[in-house]
Amino acid sequence: MNEVLNNIITRRSVRAFTDEQIKDDDLQLILKAGIYAPSGMNRQSWRFTVVQNAQIIEKLENLIKTALGREKYNMYGCKTIIMLSNDRDNSNGLADCACALQNIFLAANSLGIGSCWINQLKTICDEPQIRSMLTQLEIPANHIVWGIAALGYPKANEPVKDRNMDVVKYF
């Protein structure tokens, strides 16, 4: 099978990571893949915020947990997150970030790194404690965090689940 198609088909969400931090060279390749995603009118108005500090990730988890009222919320023990944000006035902001996240997930998979899309921040960015944390991380006040890529080495190789091809309709 074509290498690109195989990467797309074998990519899956990983929700259990080892304690090993991903290599800096791999992180740079993953970020480059994200930055090369398409963006509406090539604005590239997104922001990629990388966090590898365990205390910051834990603090963010706790703030999200509190804001959502979800007692068991976590980011699956990942060692790296990439938060993708975009100007709230950019009508393509969500789509731009989604394209970048997909590139990030595919690049990670090609390097043997697991990933998972975490999307809870999009609705709570302006909660005071959340916004304060985002400001500390230099995410602009006019940005919405449309998604977070949780990254790390998978604890186990889960089998790829078959996809429902019934969603495809031909006319």
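This is a predicted model: local features need pLDDT of at least 70, side-chain atom pairs count only at pLDDT 80 or more; totals for chains, interfaces and linings use all residues.
1. A disulfide here is a pair of cysteine sulfur atoms within 2.5 Å. By that cut-off the structure holds 0 disulfides.

2. Residues are numbered from 1 along each chain as its sequence is written, and side-chain values use heavy atoms, with hydrogens and water left out.

3. Are those cysteines buried or exposed? Cys78 counts as buried at 7% relative accessibility, and Cys116 counts as buried at 1%. (Buried means under 20% relative accessible area, exposed over 50%, partly exposed in between, with a 1.4 Å probe and protein chains only.)

4. Now the helices, which are DSSP runs of H or I with at least four residues, numbered from the N terminus. The axes of α3 (residues 54-68) and α5 (residues 128-136) come within 10 Å and cross at roughly 155°. That makes the two roughly antiparallel, a label for angles over 145 degrees. Axes are lines fitted to C-alpha atoms over the stretch in contact, with angles from 0 to 180 degrees between N-to-C directions.

5. Who touches whom? On the α3 side the contact (heavy atoms within 4.5 Å) uses Ile56, Lys59, Leu60, Leu63, Ile64 and Ala67; α5 brings Gln129, Ile130, Met133 and Gln136. These residues divide into 7 nonpolar, 2 polar and 1 charged, where Ala, Val, Leu, Ile, Met, Phe, Trp, Tyr, Cys and Pro count as nonpolar, Asp, Glu, Lys and Arg as charged, and the others, Gly among them, as polar.

Definitions and conventions:
Angles under 35 degrees count as roughly parallel, over 145 as roughly antiparallel, 65 to 115 as roughly perpendicular and the rest as oblique.
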